[in-house]
Every structure is written in structure tokens, then in C-alpha cells.
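Thanks for asking me to look this one over. Here are my notes, written to be read with the model open beside you.

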Amino acid sequence: MQILLLIFKLLGFLIPEKKNFYIADKWTIELPDKWDTTSKEIELDVESDNHPIIQTIFFQPGSYLNIKAYYLDISKDDIYEKVEADIPDVIAVFENIISKIENKKEYHIPNYRSSKFKSYEYTYNEYDKNFYAITTGIFMKGRLLKIDVSSTIEKEVKTAISYLLSIKEADPKKTAFLKKVDSYRKRA
């Protein structure tokens, strides 16, 4: 099977090119090659040890489809020090963020179940257009990764939600190397 996939890839058939994009230098997400990324600092109404929060935006040029990612470190006060928050505390932070969204309902990603994932679907208006969105929280001890997938076309969002399953922790060595290369480029 691997040989067949390699042959198709070499010939450019069936398998669209994919590349890894980084989220806060801690996570990677695999998206089609034609996607692009940008980031900006934002304020979320949430207590976090990671101020300001960087919003990483992945988008498909020429389309309203986009994925917005937010990474938050979450601590709690222990008797003598701050420690990483437990998963129930991280879930509570996500639920607090999502509570501000009106007319939402829980969304279950087809054929995927995990207690470390929770998703909600809703609609909103922006730029005189009606958007459909799915917001997902990915929970780890002391960390919350919040992902918003939105578009004016509901089917696009439900298809793009599968990209979330490619999210994994980034290799710190590779991230450090890429930062070094980027700093050399900026100096040149």
C-alpha cells in the first residue's frame, strides 16, 4: 500500500499536498498546501498565565473558510504555589468561554469520541454574512487549545473539522531550529 501511495504522490494523483502549520510553537496542524496563516494578539475574557493570547488564523485564500486557534496555559493556586490546572478545571475555563455564545448546541465529531474534546456549533453574523461555526476545546493538564472553524458554507466547516484530528504536539527541537532559520532570514 505504501508503494502505491508513493507512486500516486510522485505522479501527483489523488493525494493533495499537505503541510504542517504551527500553533503557538507548541502544536502542529496538517492542512492542504494552498492554505496560509497569520496571527495577532487578542484579549480573551479568561484568566490565563499566558497574556496576551496569540490568535493563529489559518485560511484558504479566496474563501470564507478559516480556522482560528488559541492556546492557553491554565494554572490553579495550590497551598504554596501555582500548579498546572487539572483537566476538570481546564474544561471549566472552556465552558466559561463558550457560555458567552448564544444559540449554541453540542456537536459530536462523526466517528470520533474522546473525553479530552468538546465541540459546539452555532451561527453568527459578520460582514453582513451569516457564518456557521464549530468551536472545539482540546483539554490537557494545565493547557487548553481552543479551535474555531467557520465559514459561510456549513458543509465546508463540517469537512474542515476533520483537520482537527491531525493536531499533535510539536517537536521542540524542530520548532527551535525553525526559529533559528527565521531569525537568520530576518537579518539578511
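The points below cover a hairpin, one asparagine and a pocket.

1. First, the ground rules. This is a predicted model, in which local features need pLDDT of at least 70, side-chain atom pairs count only at pLDDT 80 or more, and totals for chains, interfaces and linings use all residues. Residues are numbered from 1 along each chain as its sequence is written, and side-chain values use heavy atoms, with hydrogens and water left out.

2. Strands β1 (residues 18–23) and β2 (residues 27–32) run antiparallel and pair over six bridges; strands here are DSSP runs of E, at least two residues, numbered from the N terminus, and two of them pair if DSSP finds at least two bridges between them. Across the pair, Asn-20 faces Glu-30 in β2, while Ile-23 stands opposite Trp-27 in β2. Three residues sit between the strands, and Ala-24 has a positive phi near 50° in this hairpin.

3. Strand β12 (residues 168–169) pairs with β2 in the antiparallel sense over two bridges, and Trp-27 has Glu-169 as its bridge partner in β12. Five of the six residues of β2 are buried, so the rest of the structure largely encloses this strand. Buried means under 20% relative accessible area, exposed over 50%, and partly exposed in between (1.4 Å probe, protein chains only).

4. Asn-66 is buried, with a relative accessible area of 12%. Its side chain also reaches the backbone oxygen of Tyr-64 at 3.3 Å.

5. Finally, the largest pocket, with a volume of about 450 Å³. Among the 21 residues that line the largest pocket, Tyr-70, Ile-101, Tyr-122, Lys-146 and Asp-148 are the closest to its centre. A pocket is an open set of points on a 1 Å grid over the protein atoms alone, where a 1.4 Å probe fits, with protein on both sides within 12 Å along at least five of seven lines; lining residues have an atom within 4 Å of a point. The volume is the space filled by probe spheres set on the points, which are joined across faces, edges and corners.

6. Which strand gives the largest share of that lining? It is β9, with four residues.

Conventions: A polar contact is a pair of N or O atoms within 3.5 Å; within protein, one must be able to donate a hydrogen and the other to accept it, and residues adjacent in sequence count only if both atoms are side-chain atoms.
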